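Student: I'd like to learn how to read a protein model. Can you show me the structure and walk me through it?

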Amino acid sequence: MSRPTARVLTLLELLQSGGTRTVAELADRLGVEGRTVRRYVDQLIDLDVPVESVRGRYGGYRLAPGYRLPPLMLSDDEALAVLLGLVAGRRAGLSTTQRTANETASAKVRRVLPKHLARRLDTLLESLAFTEQPGQFEAPDTGVLLTVADAVRHRRPVSIRYADRDGRRSERTLHAYGIVAHAGRWYVTGKDARIGEDRTFRLDRIADARTLPGSFEAPSGPGPAQRVLTAFATAEYRYEVTLRIHGTVEQIRAHLPAGIASLEELEPAAGQDQAAERWHRVELRAERLDWVPPVLASLDRPFVIERPDELRDLVAALADRLASSARQA
């Protein structure tokens, strides 16, 4: 960073990140002496950037509260990160806005880029391919998302109007522990104050959210992401499946992730090598069973079906079909 102008712009970026920065910290980040930092601050003030001087032991410089910086300044790496984030977020269904907003944001970033950089980024995006189709998920309302996030951060109860998968509407008071993005959708997990139990809600099904007076303490134990995965694995469905599978956790989780199944390591039998691969009890719930036999076949590990009996019939039928196909000339 040899040019003084570049260092002044870097100083502005450091101050923009928030908080008070000491002279020593700024001098170290910029690679200059303290008096040079003060000179750069004077240059920003001459440009009508309201830099405040904070006195005291922990004093230094900060931007005036509420100041909004003029035009966007991005390095090549930053511009690439922003545009790829917009594209990938839309493809994965994780954009919190409608498709139009995503595209207009991309267009605005492109317009402020130097022409040579815009051409290089367009070339990259034109040559970029994805192995999956774009996500077609409903996006949560931005106002709802921000309100719930604020309630999570400040541990405030929040009132939500929610529609379940059958379209039934209800109003609930939620003590929200966290927001989780999973498999193209956004979820909030927390305690439903009315029933006193943990619940997970899809954010796109929340029509309205309002913070309420009061506060609550977040429980210890699993984090929000693990709570959401556990909720999926234990959700009420038509079938409850219990298996015993012989193999490592990694081998089983490669085909039955935490969002689908819960896993419990069984104690080895007397005299069995403690370091050897062990049996695990796997429990999952499913609305249909037809997808389970192919998963068990792809595991290629010994397994025992404890329940339900219908699954045994489906596995046997799949084995017969595979054996019949293998015998074909």
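Student: Which residues of helix 2 are buried?

Tutor: V23, L26, A27 and L30 are the buried residues of helix 2. Buried means under 20% relative accessible area, exposed over 50%, and partly exposed in between (1.4 Å probe, protein chains only). Helices (H or I, at least four residues) and strands (E, at least two) are DSSP runs, numbered from the N terminus. One caution: this is a predicted model, where local features need pLDDT of at least 70 and side-chain atom pairs count only at pLDDT 80 or more, while totals for chains, interfaces and linings use all residues. Residues are numbered from 1 along each chain as its sequence is written, and side-chain values use heavy atoms, with hydrogens and water left out.

Student: What do the buried residues of helix 2 pack against?

Tutor: They pack against helix 1 (4-16), helix 3 and strand 2 (60-63). Contact means heavy atoms within 4.5 Å.

Student: How do I describe two packed helices, say helix 2 and helix 3?

Tutor: Two packed helices are described by the angle between their axes and the distance between the axes. For helix 2 (residues 23-30) and helix 3 (residues 34-46), the angle is about 95 degrees and the axes are 9 Å apart. Axes are lines fitted to C-alpha atoms, for helices over the stretch in contact, and angles run from 0 to 180 degrees between N-to-C directions. Helix 2 and helix 3 are therefore roughly perpendicular to each other; angles under 35 degrees count as roughly parallel, over 145 as roughly antiparallel, 65 to 115 as roughly perpendicular and the rest as oblique. Helix 2 brings V23, L26, A27 and L30 to the contact, and helix 3 brings G34, V37, R38 and Y40.

Student: And how do I read a sheet?

Tutor: Strands of a sheet pair through backbone hydrogen bonds, either parallel or antiparallel. Here, five strands make an open sheet in the order 6-5-4-3-7, with antiparallel pairing. Two strands pair if DSSP finds at least two bridges between them.

Student: Which strands stand at the edges?

Tutor: Strand 6 (197-202) and strand 7 (206-211) do; each has a single partner strand, so one side of each is left without a neighbour in the sheet. Neighbouring strands of this sheet are turned by 45 degrees against each other on average, direction ignored. Five bridges join strand 3 (residues 158-163) to strand 7, and V158 has T211 as its bridge partner there.

Student: Which helix lies across strand 4, strand 5 and strand 6?

Tutor: That's helix 8 (residues 224-233), running at about 115 degrees to strand 4.

Student: What is the strand order in the four-strand sheet?

Tutor: The order is 9-10-8-11, in an open sheet with antiparallel pairing. Strand 9 and strand 11 (303-307) are the edge strands. Nine bridges join strand 8 (residues 239-247) to strand 10 (residues 278-286), and E240 stands opposite R285.
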